[in-house]
Amino acid sequence: MKELMLGNKAFARGLYEAGCAVASSYPGTPSTEITEEAAKYDEIYCEWAPNEKVAMEVAFGASMAGKRSFCGMKHVGLNVAADPLYTASYTGVNAGMVIGVADDAGMHSSQNEQDSRHHAIASKVPMLEPSDSAEALEFTKLAFELSEEFDTPVIVKMCTRVSHCQSLVEKGERKEFSKPYDKDISKYVMMPGNAKKRHPIVEERTKKLIEYAETSGINRVEMGSEKLGIITSSTSYLYTKEVFGENASVLKLGMANPLPVKLILDFASKVDRLVVVEELDPIIENHCKALGLEVSGKDILPIVGEFSQNLIAEKLGLEKKENCKFDEELPMRPPAMCSGCPHRGVFYTLNKNKCTVIGDIGCYTLGAVAPLSAMHMTLCMGASVSSTHGFNKALGEEAEKNTVAVIGDSTFMHSGMTGLANIAYNQSNSTVIILDNSITGMTGHQQNPTTGYNIKGDPAGKIDLEALCRSMGFNRVRVEDPYDLKAMDKAVKEELAAPEPSVIISRRPCVLLKYVKTNAPLKVDNDKCRGCKSCMRLGCPSISFKDGKAHVDPTLCTGCGVCKQLCAFDAFN
């Protein structure tokens, strides 16, 4: 039976049909829906792990036990999981282990444009790269087979367009899979003596995988005009076919690592001009050049951003197709925190107090956007806490009395705890604000270890943030409501002035959660409004100015009352 599926949903279907038994992931756009969809199959145990490293280690443990396993993440998450990945390459697997990673060319929701193929090459792990939903399902099933055949984890690399676009998928039946577990110290205990013996096995495996890549059919040649030959993969393959049709010959690579040799040389010998079309880094292009081929690639195509049909046509000398145009220019809609977002009061307070704010990854990163403009740095998950410690150690007491770290509850569980332990152990007088909105907000409301619910919404273990912080050695731990600006202002001032490190937990659930009941929208009394625009300093989407007076959009306002606290003339009611 055929069904129109998102790439991520098709990936999950592949997990189901392949007999995957255990899936552990950390949510990260554009990969999140793979595990959310997999969780709909009762045959697959699914969980959200605190971070990607833990998720990969869970998947490895399940594989070693003899059950097919999966862990999913976005490209920057693979950095976090690199430690177990590189050693799992040496140990190999028992049952198949598949790693799903989704790259984000164009940085729609990411802090960099990392190319995950580098991790596959460096860890010497095979990587498959589907170009649509049908291949996402097919390649996922194939990945488990290759994992077991070649005794290795296998990475399936998605990207934003494959993950979030739909195409037809042929569904099949599930095939259960299980292997016995046998104790094998030389294979699974990676102390130096054993690891030295495993490395040559990895190198020999790579040679066998190259042989597989030459003839398996996952890499295929589609001959058209011999004047132009294009080597490509993933969504770039679809763009190329749409632009050129039969006017070019195409070598479509479904295996991103290791790359074939004979197949590429044979294809190159049949065409007059050779071009590599690949997003981000010149992985395929450099491989071709190492084979001695004359090839074009990043000399004509960009090394940054997403590709498109028109971009490829333009760079390769064809006419661009006319884009659909609107009769009038659409206004820009920069990202902003939602109306009633509990983080808004925190960032208003920090900006008002002219604090140096070391930020983190989450929807609260929008605290850097005008008019709040309250954040000075955002690096990676968990970096706010560690960086604040380093900032304060470098500048001393002057910085300690004015610098705060802000980190969400999910990000804190991901990698903020170790930074907090470092503050407690190495003693900087640092202030950390945990923005506890009771959910993982940025990626679409996933549960985390602080919420008390698992991926299916069932009751689960719940970590007590206050008790955790105190157990780390913090004497000053307080909980505040971010809707209460006076209380938040007092808390920030007192903790910055305190002679020891402290934690402020800003606790109020995300206003978009289904169980959160909002208040009636506020109204503005035009007779009382003086047009001072104090309320506009919040950057709330509900508030605008009309005819010199503040105006509240009743369709957006949640009645949080934060703006009311800023009005000296009591115009909001």
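Hi everyone, let me start with a charge over a ring: the charged end of arginine 68 sits over the ring of phenylalanine 177, 4.2 Å from its centre. For that label, NZ of Lys or CZ of Arg must be within 6 Å of the ring centre and within 35 degrees of the ring normal. Lysine 533 also lies over a ring face, that of phenylalanine 545, at 5.3 Å from the ring centre.

A word on the source: this is a predicted model, where local features need pLDDT of at least 70 and side-chain atom pairs count only at pLDDT 80 or more, while totals for chains, interfaces and linings use all residues. Residues are numbered from 1 along each chain as its sequence is written, and side-chain values use heavy atoms, with hydrogens and water left out.

Now, aromatic pairs. The structure holds four, counted when ring centres of Phe, Tyr or Trp (its six-membered ring) lie within 6.5 Å; planes under 30 degrees apart are stacked, over 60 edge-to-face, and the rest tilted. One of them joins phenylalanine 11 and phenylalanine 70, tilted, with 5.4 Å centre to centre and 55° between the planes. Phenylalanine 11 lies in helix H1 (residues 7-17) and phenylalanine 70 in strand E4, so the pair ties together parts 59 residues apart in sequence. Helices (H or I, at least four residues) and strands (E, at least two) are DSSP runs, numbered from the N terminus.
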